[in-house]
Amino acid sequence: MASTEAISSGGVDAGVANQIAPPCMRKDKAVMGDMAAEKEGTLVINMTSAREATRPRFLAVGLFLSTLLVSSDVLMERMKKVWRVRGHTEASQIEADEGRKFIIEFSEEGDRRHAVRGGPWQYKMDAFLVVAMEPGVDPTSVPFNYVPMWVQFRNIPFYLLTKTLAWELGWQMGTTIMIDNNSRGNITDEFLRARVQLPLYAALRKHFILEDEITGEKVKVQICYERLPNFCLFCGYIGHMEARCDLPAADRKIKFSMDMRVQAVHFDDPRA
């Protein structure tokens, strides 16, 4: 009765208070716990984009010198197979005054290096050139002035088949990248071989003349090109054929030969 009277009169016995207070305190703690949980909740952000923004970008620009009516998707899928890329590759077409240009992004630096250093790449015998591009550079301003190609120098006397001459002949063509130390050909078909950056907007050369500085003896060196893309038999330029040549009608005469194109020799080839 004393306990009942104490409650009804507004007083609270100490023993009863000990029994009543804990539930109220537990409720307050539960509310505070819920508020803390809200503060420690999950914030959804785009970490993938942030991560992609910080990773290296291996960019290149491709130029397809052709009038073929082929879709960009088909062309790039074909080039990926030719390059045998190990990573992921994306490409998008951009405006170009000549041919079709693409921005190409490689996920692997080795894939880009292979595409840039190899070649000349082709699609149905038309040239596809690739040049490295640094991030931030305007892709439309990337120049295409050269095409890398293995060149054979034939009909050279065996006593002139030297590394020094191979380098010098390459520099006469453009910029010598490397030489093939093993190319000697058959006993009846000796040749030297050099990988050269050939000027794109210049006619292919058909031969050189070697002249002895003492006797004046002359040797005519034949020039042949490995994996030579389509070129014009009238003007000798890579990138178009006779039907697209802009020479005047009076000058449209066959001055070059398909014999300039020869099979590749796989010594010291960067694509091996």
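Modeller: Gladly. Keep in mind that the model is predicted. A place to begin is the nonpolar surface patch that L43, I45 and M47 form.

Colleague: About how much accessible area do L43, I45 and M47 have together?

Modeller: The three residues form a nonpolar patch on the surface. Together their accessible area is about 370 Å².

Colleague: Is I45 buried or exposed?

Modeller: I45 sits in the loop between α2 (14-39) and α3 (47-54). The cut-off for exposed is over 50% relative accessible area. I45 has 55% relative accessibility, so I45 counts as exposed.

Colleague: What is the average twist from one strand to the next?

Modeller: The strand order is β2-β3-β1-β5-β4, with antiparallel pairing. From one strand to the next, the twist averages 30°.

Colleague: Which residue in β5 does W121 stand opposite?

Modeller: Strand β5 covers residues 126-133. β4 and β5 pair in the antiparallel sense, over three bridges. In β5, the residue opposite W121 is F128.

Colleague: For the zinc knuckle domain that UniProt lists, how far apart are the end C-alpha atoms?

Modeller: The unreviewed UniProt entry lists "Zinc knuckle CX2CX4HX4C" at residues 216-246. Over those residues the chain is 0% helix and 29% strand. The end C-alpha atoms of 216-246 are apart by 39 Å.

Definitions and conventions:
Residues are numbered from 1 along each chain as its sequence is written. This is a predicted model: local features need pLDDT of at least 70, side-chain atom pairs count only at pLDDT 80 or more; totals for chains, interfaces and linings use all residues. Side-chain values use heavy atoms; hydrogens and water are left out. UniProt positions are given in the numbering used here, feature names are shortened, and annotations may be inferred rather than shown by experiment. Helices (H or I, at least four residues) and strands (E, at least two) are DSSP runs, numbered from the N terminus. Patches are made of residues with over 30% relative accessible area and no salt bridge: like charges are joined within 9 Å, nonpolar side chains (Val, Leu, Ile, Met, Phe, Trp, Tyr) within 5 Å. Accessible areas come from the Shrake-Rupley method with a 1.4 Å probe; for residues, only the protein chains shown count as cover. A salt bridge is a side-chain nitrogen of Lys or Arg within 4 Å of a carboxyl oxygen of Asp or Glu. Buried means under 20% relative accessible area, exposed over 50%, partly exposed in between (1.4 Å probe, protein chains only). Two strands pair if DSSP finds at least two bridges between them. Axes are lines fitted to C-alpha atoms, for helices over the stretch in contact, and angles run from 0 to 180 degrees between N-to-C directions.
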